[in-house]
Each structure stands twice: as structure tokens, then as C-alpha cells.
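Let's take a friendly walk through a protein structure, one group of features after another. Keep the 3D view open as you read.

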Amino acid sequence: MSQPNPHLEHRLSPNFTLAELTVSQAADRAGLRNVPASNALTNLGRLARFLEQVRALLFHAPILVSSGYRSPAVNSLVGGALTSAHMQGLAADFIAPKYGRPLDICRAMIGSDLPFDQLIFEGTWVHVAIAPAGQAPRRDVLTARFRPGQPTQYLRGLV
């Protein structure tokens, strides 16, 4: 039996560990490592602190992250964009069922003053990205539209 990696249990913020922000079922299934480099690790700390703000906005409902950091190999495996903020440790896909539906979460975030760079309503989850250090957040809002056999379409705003 393998020993747990204490590095992954490192708490990045009161409610988020490194393990939560590097989890990848796709990586596990493919036998890929999903370990962030030091710059991505620094960004994950910033992302965890931002997610604490999101959690506070959502009346402290637990946030369940399905995808945070992605190594380039994992990002390629899941069909992520070549410039995905996930590879820099700047993005997370999540739900907060005790708060409400992903659409409700997006509405709350849009109505707040949270400094997100990008917010995408993905139907069954929320994608949020923070700006790189030193850059102003754009507060860009998109809605993803998925159609079988076609590339994902991103529409401006919450539609």
C-alpha cells in the first residue's frame, strides 16, 4: 500500500489543500502525474485564497473542485485549450451544491465585486480563473455551449 504524499496534504488556505487543487481523475486513469512546478504552486496559493472569497460569497457553502491545476500532459489528455489557465494554476472548475446550481453561483459571482479574470458557465459546473500576478482582472463572463461532434462554442455573457 502506498504512503500518502504529505506534500499534497499541504493546506493552501483554510478550506483548500494542494491535493484538492491538483486532483485529476483523467490523470489517475492514464497514469499521469499532475504535479505543479513552483510558479504554478504559487498561483495555486493565490487561487485557493480567491476560492475562499467565493466560498464566503456563497454563504460558506463547501466548494467541490473537479479540476484545478493541470500539467501540460493532463491538459492535452482532457482536450484543454493550449493556453489554459489551468496549466498555470490560475483556474478551477467547481460546484457548490449546498449553495445552488452552477447558474446560481455564476449569477452571485457576477453580482459581486470578486476580482475574477474569467467566469464561464459550463452547464453542470463553473469555471473561474484569476488574473496572473500583477495583471488587472478582466471580469470576462462567458457561457459554454456543447454540441455533439462540434467544438465547444463560447458565448459572451450569461446566456
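How many salt bridges does the structure hold? The answer is four. Please keep in mind that this is a predicted model.

**Charged partners**

Side chains of opposite charge can pair when their charged atoms come close.

| Salt bridge | Closest N and O atoms |
|---|---|
| Aspartate 93 and arginine 70 | 3.4 Å apart |
| Arginine 101 and aspartate 104 | 3.1 Å apart |

Take aspartate 93 and arginine 70 to begin with. Aspartate 93 sits in strand 4, while arginine 70 belongs to the loop between strand 3 and helix 4; this pair links distant parts of the chain, 23 residues apart. Are these two residues buried or exposed? Both aspartate 93 and arginine 70 are buried.

Arginine 101 and aspartate 104 have another setting. Arginine 101 has a relative accessibility of 49%, so it counts as partly exposed. Aspartate 104 is also partly exposed, because its relative accessibility is 23%.

Now look at aspartate 140 and arginine 156. Aspartate 140 counts as buried, at 13% relative accessibility, whereas arginine 156 is exposed, with a relative accessible area of 61%.

Helix 3 covers residues 38–57. Why does its length make sense? At 1.5 Å a residue, its 20 residues should span 28 Å, and the end C-alpha atoms are 29 Å apart, which agrees. The buried residues of helix 3 include Leu44, Leu47, Phe50, Leu51 and Val54.

Which residues touch the most other members of the largest nonpolar core? Within this set of 33 residues, they are Phe50, Leu51, Phe94 and Met109. Several elements each supply at least two residues of the core, among them helix 1 (18–22), strand 4 and helix 5. The largest share, seven residues, comes from helix 3.

**Aromatic pairs**

Just after helix 3 you will find phenylalanine 59, which takes a positive phi of about 55°. A pair of aromatic rings is described by the distance of the centres and the angle of the planes. The structure holds two aromatic pairs. Phenylalanine 59 and tyrosine 99 form a stacked one, with 6.2 Å centre to centre and 20° between the planes. The two are 40 residues apart: phenylalanine 59 is in the loop between helix 3 and strand 3 (64–67), and tyrosine 99 is in the loop between strand 4 (91–95) and helix 5 (102–110). Phenylalanine 59 counts as exposed, at 68% relative accessibility, while tyrosine 99 is partly exposed, at 27%.

Tryptophan 125 and phenylalanine 146 form a tilted pair, with 6.0 Å centre to centre and 35° between the planes. Tryptophan 125 lies in the loop between strand 5 (118–121) and strand 6 (126–129), and phenylalanine 146 in the loop between strand 7 (140–145) and strand 8 (153–156), 21 residues apart. Tryptophan 125 is partly exposed, at 27% relative accessibility, and phenylalanine 146 is partly exposed as well, at 44%.

**A patch on the surface**

Finally, turn to the surface, where Leu32, Leu77 and Val78 form a nonpolar patch with about 220 Å² of accessible area together. Leucine 77 lies in helix 4 (residues 72–77), and its relative accessibility of 44% makes it partly exposed.

Terms used:
Residues numbered from 1 in each chain as written. Predicted model: local features only at pLDDT ≥ 70, side-chain atom pairs only at ≥ 80, totals over all residues. Heavy atoms only, no water. Helix = DSSP H or I, 4+ residues; strand = E, 2+ residues; numbered from the N terminus. Expected span 1.5 Å × (residues − 1). Buried < 20%, exposed > 50% of the residue type's maximum accessible area, 1.4 Å probe, protein only. Phe/Tyr/Trp six-rings, centres within 6.5 Å; stacked < 30°, edge-to-face > 60°. Patch = residues over 30% accessible without salt bridge, like charges linked within 9 Å, V, L, I, M, F, W, Y side chains within 5 Å. Areas by Shrake-Rupley, 256 points an atom, 1.4 Å probe, with all protein chains shown as cover. Salt bridge = Lys/Arg side-chain N within 4 Å of Asp/Glu carboxyl O. Core = buried A, V, L, I, M, F, W, Y, C linked by side-chain atoms within 4.5 Å.
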